[in-house]
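User: I'm new to this structure and would like to learn how to read it. Could you walk me through some features, one at a time?

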Amino acid sequence: MEDLVKKLKDKTDKIYIGESDGGLECFSADKAFLGHGLDKLTKKYSVKLVNLSNLAFRKVDFQVGKRQVKIEIPNLLLDDVDVFINVPVLKTHAMVNITLGFKNLWGCIPNTGRMLYHHIFHEVIVEIAKLINPRITLIDGTYAMDGNGPIFGDVFEMNTMIASNHFGAADLVGCHLMQFDPRKVKYLEVARKQGLIPELEDIVLN
């Protein structure tokens, strides 16, 4: 995160690092910031840490199947962020198989009761990705997780980074790297049907 901030400081002085409180208030984003030492970045680089659960928000209409649903999204993300950089980690997830860029955007919902949206997760997370439109995705695979993640998975050192200017391409590469069939990851299949996931052979890899 510090290396990323260093690069961004050459471009702008307005850098926000945001996260919401854990679902059902299982953890505080503010405590997580401190636990990861991110408070040091605020002093060293004038970065602003933002608990999205404490911000003003408005409800955005999303189309899920034949019905409209309203989901809370912070005004900061809708009105004030010019370039959204998504920084997920490379890990498995017991409920949705893998959690990469798309799944990481679940934290954009400030409501700690967002688990109530789990029954429409796959459709909503794709709509949030379209709304937020991450310009850059950096999947941090310094350490990765396999097995029954994200709580009981096995963590191991991988020393891998996936960087992309296309959020669908980033998740597809991560999916193949983890040896998952992307068509069996439901939210990626929802995204693919909407043209958000390219074919692997069409991705230019460096």
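Predicted model: local features only at pLDDT ≥ 70, side-chain atom pairs only at ≥ 80, totals over all residues.

User: How many salt bridges does the structure hold, and which one links distant parts of the chain?

Analyst: There are 6. One of them joins Glu2 to Lys44, with the closest N and O atoms 2.9 Å apart. Glu2 sits in helix α1 and Lys44 in helix α3, 42 residues apart. Helices here are DSSP runs (H or I, at least four residues), strands are E runs of at least two, and both are numbered from the N terminus.

User: What about Asp21: where is it, and what is around it?

Analyst: Asp21 lies in the loop between β1 and α2. Asp21 is buried but has no salt bridge, and the nearest side chain of opposite charge, Arg114, is 7.7 Å away. For charge, Lys and Arg count as positive, Asp and Glu as negative; His and chain ends are not counted. The side chain of Asp21 does reach the backbone nitrogen of Ala29, at 2.8 Å. Contact means heavy atoms within 4.5 Å, and the residues that Asp21 touches include Asn51, Ser53 and Thr112.

User: Which residues have the most contacts inside the largest nonpolar core?

Analyst: In soluble globular proteins, nonpolar side chains tend to be buried together. A nonpolar core is a set of buried Ala, Val, Leu, Ile, Met, Phe, Trp, Tyr and Cys residues joined through side-chain atoms within 4.5 Å. The largest one has 47 residues, and Phe102 and Tyr187 have the most contacts inside it. Helix α6 gives the most to this core, with 7 residues.

User: How confident is the predictor, and what conventions apply?

Analyst: pLDDT is the predictor's confidence in each residue, from 0 to 100. The chain averages 95. Local features need pLDDT of at least 70 and side-chain atom pairs 80 or more, while totals for chains, interfaces and linings use all residues. Residues are numbered from 1 along each chain as its sequence is written, and side-chain values use heavy atoms, leaving out hydrogens and water.

Methods. Buried < 20%, exposed > 50% of the residue type's maximum accessible area, 1.4 Å probe, protein only. Salt bridge = Lys/Arg side-chain N within 4 Å of Asp/Glu carboxyl O. Polar contact = N/O pair within 3.5 Å; in protein donor to acceptor, adjacent residues only side chain to side chain. Lists of a residue's contacts leave out its neighbours within four places in sequence.
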